[in-house]
Amino acid sequence: MTENLSSLLYLASSVCFVLAIRGLNSPETARVGNFVGIFGMLIAILTTLALPSILSYELILVAILLGGGIGTFLALKTKMTSLPQLVALFNSVVGLAACFVAIAAFYRPEAYGIGTFLDISSLSIVEMNLGSAIGAITFTGSVIAFAKLQGLVSGSPVTFRGQHQINALLGIILSSLIISTIFEQTEILFWGILCLSFVLGVLFIIPIGGADMPVVISMLNSYSGWAACGIGFTLGNILMIITGALVGASGAILSYIMCKGMNRSFFNVILGGFGLEDPVIQKQNTADKSIKSGTASDGAFIMENASSVIIVPGYGLAVAQAQHALREMADILQERGIEVRYAIHPVAGRMPGHMNVLLAEASVPYESVLELDMINRDFAQTDVAFVIGANDVTNPAAKTDSSSPIFGMPVLDVENAKTVLFVKRSMASGYAGVENQLFFKDNTMMLFSDAKQMCDEIVQTLK
Amino acid sequence: MQPDSIDPFIFGITVLVLACFIGYFVVWRVTPALHSPLMSVTNAISSVIIVGAFIAAGPATGNFAQIMGFFAVVLASVNIFGGFIVTQRMLSMFKKKG
């Protein structure tokens, strides 16, 4: 296969990848989009295998079957609640693959036409080290993120004195080592950069708390793209550069959206330790504030007599595995002619769009699931807001109390509904450590129970 | 400078910058409801790194680079199969009313 032909086929493959992302505009076109993406990958793989430099196929076939088997197994067996872990794991895999490709290119640069062993052109060696460094950071960072999400290590931020200074120092050392490869190439230097990057990946992620994981996963997703991009530059492969840029841009935009959803700057999240810096949480005099609590039958009665209900689900819903019970409740209400919709906050769930997938899995039609911007005005014309497993994202203090740590965060205006039913296990505050003023409003009724149990009981009463 | 003597690096940068713009505009148009599938599908496509892995694993003679290439192909395949399949699984759950 000539170089021109393979370049054209790589271009076709890039176009397929753009179309695959483009398809995610709406659920209708997304499925076709995914197949276009698979087709693009097939073109890329077959084109490369047809290159004259590929001589032995046995090893490659074994590797594809082995990896493909593992990937298929993971993709089919993972529960949708564990989706963030799976994505973290996949991110780490891309990072490590980038490292392996860089190592291979370092020891056998002739195969890639970038020089000879320890005499690689200076531009290529910098690009290679950059790619392997980002890959290594992505790998260990994602492994830590995975461990935090899976509960293998504590999700709370790990901080120590001088942490940021140490990270900054190591970052500077890493950059200067990469630049120094222009002047001198040694094996020790190459492996040193790789090992330092592995360490940095761990140090970057440990100070970030479990609830900030949506940002971290998006960020690591972005890194995996830039790693592919760096390797693409080394190998002079246009397809890898284009795809890496697409993935990098996608992850960066998602990180931005997640940060905005929490009203926190990107640096604030990255520097980590949220919720630890100021343990002086305003303990407002809660004693003289009264709350109204009710039972499942109270809740069922109120909803039965409503004409419209908006359900506000949060991650607690997924923890309690209450999606199906909730949908059953919504179905009964809908059968009685009550309009039921769902309001999703950008950071509901542990990764971007997680809550939408969880509701879709419970067979909630996607038209009734609306984003914050789309539904927020409708609360004023709604009879019941049913908050389940969410807390901070409904706190009116974010709009009114400038001293609150969550001030400025976009919240769902549930207090505008005629009645707010708030399902919660106890009065404990949410992840931000802030008391929710909503609890003390006249139109709020607290339903103290486990999310799943409450939904089941309401369903029983409604029947 | 003659057009045929453009440095491959400059060519690469040109492609990179344009691809970033395409990525920016395409990704902003993705509906927030499908952000999870977006992450898993970008996961899958970032494994085009397999192209580089093939070149390392491809030569007929065995050496250290080839072993590294083998591992890279295994890892990238995990991601390609896993990423596309889990995306498909998610997308198949998004249904309309009725």
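**A residue and its surroundings**

Mentor: Setting aside residues up to four places away in sequence, Thr138(A) touches Asn91(A), Ser92(A), Gly95(A), Leu220(A), Tyr223(A) and Ser224(A). The model is predicted. Thr138(A) sits in helix 5 of chain A, which runs over residues 122–150. With a relative accessibility of 0%, Thr138(A) counts as buried, because the cut-off for that class is under 20%.

The buried residues of helix 13 of chain A are Gln323(A), Ala325(A), Leu326(A), Met329(A), Ala330(A), Ile332(A) and Leu333(A). As a general point, an α-helix has 3.6 residues a turn, so residues three or four places apart point the same way. Just after helix 13 of chain A, Gly337(A) adopts a positive phi of about 80°.

Glu328(A) pairs with Lys463(A), and their closest N and O atoms are 3.5 Å apart. This pair links distant parts of the chain, for Glu328(A) belongs to helix 13 of chain A and Lys463(A) to the segment after helix 17 (451–462) of chain A, 135 residues apart. Glu328(A) is partly exposed, at a relative accessible area of 33%, whereas Lys463(A) is exposed, at 65%.

A further salt bridge joins the side chains of Asp378(A) and Arg341(A), at 2.9 Å from N to O. Asp378(A) lies in the loop between helix 15 (372–375) and strand 7 (384–388) of chain A, and Arg341(A) in strand 5 (residues 339–344) of chain A, so the pair ties together parts that are 37 residues apart in sequence. Arg341(A) is buried, with a relative accessible area of 17%, while Asp378(A) is partly exposed, with 22%. Together with Glu339(A), Arg341(A) and Asp378(A) are linked in a network of salt bridges.

Lys399(A) and Glu415(A) likewise meet through their side chains in a salt bridge, at 2.7 Å from N to O. Lys399(A) is in helix 16 (residues 397–400) of chain A and Glu415(A) in the loop between helix 16 and strand 8 (419–424) of chain A, so the pair ties together parts 16 residues apart in sequence. Lys399(A) counts as partly exposed at 37% relative accessibility, and Glu415(A) as buried at 16%. Over all chains, the count comes to 10 salt bridges.

Across the interface of chain A and chain B, however, there are zero salt bridges. That contact takes 101 residues from chain A and 79 residues from chain B. The area buried between the two chains is about 8,100 Å², and carbon and sulfur atoms give 79% of it. Leu24(A), Asn34(A) and Met41(A) supply 8% of the area that chain A buries against chain B, more than any other three residues.

Chain B itself has four helices and zero strands. Its radius of gyration is 19 Å, whereas a compact globule of 98 residues would have one near 13 Å. Its C-alpha atoms fill a box of roughly 60 × 40 × 15 Å along the principal axes. Of the 98 residues of chain B, 61% count as buried.

Technical notes:
Residues are numbered from 1 along each chain as its sequence is written. Chains are lettered from A and ligands numbered from 1 in the order in which they are written. This is a predicted model: local features need pLDDT of at least 70, side-chain atom pairs count only at pLDDT 80 or more; totals for chains, interfaces and linings use all residues. Side-chain values use heavy atoms; hydrogens and water are left out. Helices (H or I, at least four residues) and strands (E, at least two) are DSSP runs, numbered from the N terminus. Buried means under 20% relative accessible area, exposed over 50%, partly exposed in between (1.4 Å probe, protein chains only). Contact means heavy atoms within 4.5 Å. The radius of gyration is taken over C-alpha atoms; the globule rule is 2.2 Å times the number of residues to the power 0.38. Buried area is the accessible area (1.4 Å probe) that two parts lose on being put together, summed over both. A salt bridge is a side-chain nitrogen of Lys or Arg within 4 Å of a carboxyl oxygen of Asp or Glu.
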